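I opened my notebook to get to know a new structure. Here is what I looked up, entry by entry, so that you can follow along.

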Amino acid sequence: MKLGGLREAAALTLLEILTVIVVIAILATLLIPVLSSMKARAQRVQCMANLRSLYVGANLYVQQNGSWPQIVMSDSDSAEQDYAKAWIAALAPFGPTQNTWICPTVQTLLNSPDLSDPNNVRVDYIAMPFDDKPTTSHQWPRQPWFLETNDVHGNGNLIVFTDGSIQDAKTVAKMASPVPSASP
């Protein structure tokens, strides 16, 4: 109906507004687990990229220096930080940065401490110890080079091997276990 050339404004009823709010709430509830799953996958992919970068850096280190970095952990109170700083410094000329040594999932679980603070220096990947012979680190193709310190991705610690492949510990264990033979 027109009154003096003006139209009546269309309005939503309270029931229609409540219906829209309920539908949005249902969609949000369904979307939250999907987003969480996508974040977890992205963090796993970033973790694998970190391991790949450490592999490349260590490989370049071995090529240039003729042996695996000889870094050992001491018994001092600052042993973990000294170990972390030594590994970060050893591979830094070959590309890996301090952030490369940090698993994004562990960083989130620790409430994202400031990595620029010298008290927060850490490595979330363990380097395997090799002797100083030139070929030792390349001697066995399935020898781990770096291993994730925690099983935070749900399938066992991530491992990067001498050949550059990355797998989780549960997959490696399944491959190593004997396959039962079929009974006659």
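This is a predicted model: local features need pLDDT of at least 70, side-chain atom pairs count only at pLDDT 80 or more; totals for chains, interfaces and linings use all residues.

**Notebook: the sheet and its surroundings**

I began at one pair of residues: Val-160 stands opposite Ile-166 in strand E4.

I looked up the two strands next. E3 and E4 (residues 166-168) pair in the antiparallel sense, over three bridges. Together E3 and E4 make a hairpin, with four residues between them. In the turn I found Gly-164, which has a positive phi of about 90 degrees.

**Entry 2, the side chains of E3.** Which way do the residues of E3 point? Leu-158 and Val-160 point one way from the strand, which covers residues 158-161, while Ile-159 and Phe-161 point the other way.

**Entry 4, on to E1.** E1 and E2 also pair in the antiparallel sense, over three bridges. Here Ala-127 stands opposite Phe-146 in E2.

In what order do the four strands lie? I wrote down E1-E2-E3-E4, an open sheet with antiparallel pairing. E1 and E4 are the edge strands, since each pairs on one side only. From one strand to the next, the twist averages 25 degrees. Then I looked at what packs on the sheet, and found helix H4 (residues 169-176) touching E3 and E4. The direction of H4 makes about 85 degrees with that of E4.

I went on to H2, which has 13 residues, 79-91. From its first C-alpha to its last, H2 reaches 19 Å, close to the 18 Å expected at 1.5 Å a residue. I listed the buried residues of H2: Ala-79, Tyr-83, Ala-84, Trp-87, Ile-88, Ala-90 and Leu-91. Why do the buried residues of H2 line one face of the helix? Seen down the axis of H2, they fall within an arc of 165 degrees, so they share one face. I kept a reminder beside this: an α-helix has 3.6 residues a turn, so residues three or four places apart point the same way. What covers the buried residues of H2 includes helix H1 (14-65), strand E1 (125-127) and strand E2 (144-148).

Asn-50 lies in helix H1. Is Asn-50 buried or exposed? Its relative accessible area is 5%, so I count Asn-50 as buried. Leaving aside neighbours within four places in sequence, Asn-50 is in contact with Asn-99, Thr-100, Ile-102, Cys-103, Pro-104 and Tyr-125.

How many disulfides does the structure hold? I found zero. Cys-47 is in no disulfide, and the nearest cysteine sulfur, that of Cys-103, is 3.7 Å away. At that distance the sulfur of Cys-103 is too far from the one in Cys-47 for a bond, because a disulfide needs the two sulfur atoms within 2.5 Å. Cys-47 counts as buried, at 0% relative accessibility, and Cys-103 is buried with a relative accessible area of 0%.

Key: Residues are numbered from 1 along each chain as its sequence is written. Side-chain values use heavy atoms; hydrogens and water are left out. The expected span of a helix is 1.5 Å times one less than its number of residues. Buried means under 20% relative accessible area, exposed over 50%, partly exposed in between (1.4 Å probe, protein chains only). The arc is that of the directions from the helix axis to the C-beta atoms. Contact means heavy atoms within 4.5 Å. Two strands pair if DSSP finds at least two bridges between them. Axes are lines fitted to C-alpha atoms, for helices over the stretch in contact, and angles run from 0 to 180 degrees between N-to-C directions.
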